[in-house]
Amino acid sequence: MLTEAQIAHFQTFGFLVIRQAFTRSEVEALIREADAAYAAKSDREKDGSSSMWTSELVEERPALMKLMEDDRIYLSIGGLLGRDFIWNGSEIMWGIDPTLADHTWHFDGHKTSRNLDYPRTKVMLYLDPQRRDTGALRVIPGSHRDPLHKALFPLQDAHLGGDPNPYGVEGPQIPACAIETDPGDIVFFNQWLYHAVYGKEGKRRVIVLKFGPRPRTHAHLAMLRDGAPAGFAPHPALSNSKRLRIRRLAEACSELEAQVEKLD
Ligand SMILES: O=C(O)CCC(=O)C(=O)O
């Protein structure tokens, strides 16, 4: 369970790190799974790429799906977002796409549908050490909220092809906090937070789990719908799971799907 101070850290700065939540042997098992997921995908798609950033592989691998219901993640997300949270999918990154070796400053979303009161949250498990200039996630603390969020629009514009140095300095010099991590650490961050990564190197294996509060307004639902063209039907592995927490998440996906269908 998180402390009140940890929750306040997340709410105030937009991120939280839990150090060494997973043991070395647990991390080794996760690395084996991430490597196997990459090998299976390469085998399946034979596209010759030496990296991947793909969704829904966590749901395909029972050993990874356990993370969704793991106390260290499930209860922490409940503390950060409230107990009635929803599942928003997963990603695995393996290796480095050269076009994203530097991933410039951005927030996950659009300027036109800013619902800063809806904290979509990513849980990042970095399975290789990450240091400031070699792939650590950088964040601008507090930028998930206005007025700072809006003031930093030039960074989002630069990310999308506008003036690359809107503040007269290169991306790595933008005032920020580099979240250096070792395998076993968990990083939670609000997706409205401006974030970037510079100098990725090595295999850089990352498991990402995504959650949000249950949407309560039309605007939240519309934003979620627009960000999920494939819809919200739960992955069969979730619906078929016998695990209570996972079943709850699957049911929430189905409820969301029904709500979104009624939107227009
Ligand atoms: O690669 C990372 O650590 C962060 C990737 C990122 O920018 C994102 O998840 O939106």
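These legends accompany close-up views of a predicted model.

**View 1. The shell around the ligand.** W53, M93, H103, H106, D108, K122, M124, Y126, L137, H195, V197 and R204 surround the ligand. By residue class, this shell holds six nonpolar, three polar and three charged residues. The space the ligand takes is the largest pocket. Three elements, β4 (103-106), β5 (121-126) and β9 (195-197), each give two or more residues to the shell. The top contributor is β5, with three residues.

**View 2. Side chains facing ligand oxygen atoms.** A polar side-chain atom of Y126 sits 2.6 Å from an oxygen atom of the ligand. For K122, a side-chain N or O atom is 2.7 Å from a ligand oxygen atom. H195 places a polar side-chain atom 2.8 Å from an oxygen atom of the ligand. The ligand taken alone exposes 290 Å², and the protein buries 98% of that.

**View 3. The cis peptide bond at P147.** Most peptide bonds are trans. The bond from D146 to P147 is cis, with omega near 5°. P147 lies in the loop that runs between β6 (137-139) and α6 (148-151).

View 4. Most residues other than glycine have a negative phi. K46 is not a glycine, yet its phi is positive, near 40°. K46 belongs to the loop between α2 (24-45) and β2 (52-55). K46 counts as exposed because its relative accessibility is 63%, over the 50% cut-off. E56 also is not a glycine and has a positive phi, about 65°. The loop between β2 and α3 (57-60) contains E56. At 39% relative accessibility, E56 counts as partly exposed.

Key. Residues numbered from 1 in each chain as written. Predicted model: local features only at pLDDT ≥ 70, side-chain atom pairs only at ≥ 80, totals over all residues. Heavy atoms only, no water. Near = heavy atom within 4 Å. Polar contact = N/O pair within 3.5 Å; in protein donor to acceptor, adjacent residues only side chain to side chain. Areas by Shrake-Rupley, 256 points an atom, 1.4 Å probe, with all protein chains shown as cover. 1 Å grid on protein atoms, 1.4 Å probe; cavity = no way out; pocket = protein on both sides within 12 Å on 5 of 7 lines; lining within 4 Å. Sits in = over half its atoms within 2 Å of the grid points. Helix = DSSP H or I, 4+ residues; strand = E, 2+ residues; numbered from the N terminus. Nonpolar A, V, L, I, M, F, W, Y, C, P; charged D, E, K, R; others polar. Buried < 20%, exposed > 50% of the residue type's maximum accessible area, 1.4 Å probe, protein only.
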